[in-house]
Amino acid sequence: SGINAEYGGHWWDKLCVEGPGYGYHPRADKSWLIVKPGTEETAYEAFAGTDVLITSEGHRYLGAPLGTNHFKEKFVREKIDKWTQELKTLIKIAESEPQTAYAAFSVGLSKRWLFTMRTTSGISELFAPLEEVINSSFIPTIISRHATPSQRDVFALPARDGGVGVFNPILTSELEYERSLAATAPLSKVIHEQVTNIEPARALALAKELVSAKQSMIAAKRTHEKNIAKNTV
């Protein structure tokens with residue numbers, strides 16, 4: 001919650017009353033209130049009589065961690081451990097079906113990492129174990145030899161630039177987060193301002209801003225890839 005616990009209790013009561021009229025039926029046993037450390041007692045008092053779950057550590061929200069740095073790191077490490085094990089399984093498949101394994105990596109497994117990168121900042125170094133397996137086992141299994149550092153950079157490029165799209169998650173993580181912030185900035189601004197009624201003209205302008213922001217994000221990514229390609233030639 002982005003509001004103080006006492007006000008949050010009033011908000012919850014109002015949500016329970018008005019929510020059903022909009023087709024939303026709040027379930028306290030599936031609702032989490034994330035508060036600052038030291039404010040738990042106030043939160044419990046404000047939500048007394050409900051089954052709302054309260055934590056000062058953190059919780060997953062829409063697939064991303066929300067809470068303390070410790071919680072965020074623990075959440076991401078667990079995901080990376082799981083992805084690393086899945087990649088090792090994919091490597092076994094690559095021994096006999098390299099093209100199938102490469103396709104599964106490109107359009108499936110690696111896309112899961114991108115979501116976490118785009119929603120969570122400051123986690124680049126946590127991807128080191130995953131990159132180690134990519135560089136020391138996955139790529140060698142796909143191409144039947146180990147890659148030099150410069151070749152690893154090339155393999156991270158998209159096919160249009162002579163690479164194979166096996167990006168380095170350590171180098172990609174923070175870039176993806178920054179691009180995500182830029183692409184969603186217009187919508188975030190409206191949410192932060194708590195705009196409830198958007199006139200058609202403003203809605204159209206917002207849509208154009210979102211498209212422009214996304215195009216700028218794509219252009220920035222393309223420029224970054226071109227610079228890497230030039231430096232590895």
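Predicted model: local features only at pLDDT ≥ 70, side-chain atom pairs only at ≥ 80, totals over all residues.
Arg77 has a relative accessibility of 41%, so this residue counts as partly exposed.

Residues are numbered from 1 along each chain as its sequence is written, and side-chain values use heavy atoms, with hydrogens and water left out.

**The overall picture**

The chain contains eight helices and four strands. These elements are DSSP runs numbered from the N terminus: helices (H or I) have at least four residues and strands (E) at least two. Starting at the N terminus, their order is α-β-α-β-β-β-α-α-α-α-α-α.

The chain has 233 residues, and 33% of them count as buried. Its accessible surface comes to about 14600 Å², with 56% belonging to carbon and sulfur atoms. Such areas come from the Shrake-Rupley method with a 1.4 Å probe, and for residues only the protein chains shown count as cover. Among the contacts (heavy atoms within 4.5 Å) with a separation of 6 or more, 56% are between residues 24 or more positions apart.

**A hairpin and its patch**

Now look at strands S3 (residues 58-61) and S4 (residues 64-67). They run antiparallel and are joined by four bridges; two strands pair if DSSP finds at least two bridges between them. One example is Arg60, whose bridge partner in S4 is Pro65.

Two residues lie between the strands of this hairpin, and Leu62 takes a positive phi near 55° there. Leu62 sits in the loop between S3 and S4. With 68% relative accessibility, Leu62 counts as exposed.

**Salt bridges**

Seven salt bridges turn up in a search of the whole structure. Each is a side-chain nitrogen of Lys or Arg within 4 Å of a carboxyl oxygen of Asp or Glu.

Back to Arg77: its side chain meets that of Glu73 in a salt bridge of 3.0 Å, N to O. Both residues lie in helix H3 (residues 69-94), four residues apart, about one turn of the helix. Another salt bridge brings together the side chains of Arg27 and Asp29, at 2.8 Å, N to O.

Which parts of the chain does the pair of Arg118 and Glu176 tie together? The closest N and O atoms of their salt bridge are 2.8 Å apart. Arg118 belongs to helix H4 (residues 98-119) and Glu176 to helix H7 (residues 169-192), so the pair ties together parts that are 58 residues apart in sequence. Arg179 is linked with Arg118 and Glu176 in a network of salt bridges.

Here is how some of these residues sit on the accessibility scale.

| Residue | Relative accessible area | Class |
|---|---|---|
| Arg27 | 45% | partly exposed |
| Asp29 | 42% | partly exposed |
| Glu73 | 36% | partly exposed |
| Arg118 | 35% | partly exposed |
| Glu176 | 3% | buried |

**Aromatic rings**

A pair of aromatic rings is described by the distance of the centres and the angle of the planes. Rings of Phe, Tyr and Trp (its six-membered ring) pair if their centres lie within 6.5 Å; planes under 30 degrees apart count as stacked, over 60 as edge-to-face and the rest as tilted.

The count by this rule is seven aromatic pairs. Trp11 and Trp12 make a tilted pair, 6.4 Å centre to centre with 50° between the planes. Trp11 is partly exposed at 45% relative accessible area, while Trp12 is buried at 6%. Trp113 and Phe167 form an edge-to-face pair, 6.0 Å centre to centre with 80° between the planes. Trp113 is in helix H4 and Phe167 in the loop between helix H6 (149-155) and H7, so this pair ties together parts that are 54 residues apart in sequence. Both Trp113 and Phe167 are buried.

How values were computed:
Buried < 20%, exposed > 50% of the residue type's maximum accessible area, 1.4 Å probe, protein only.
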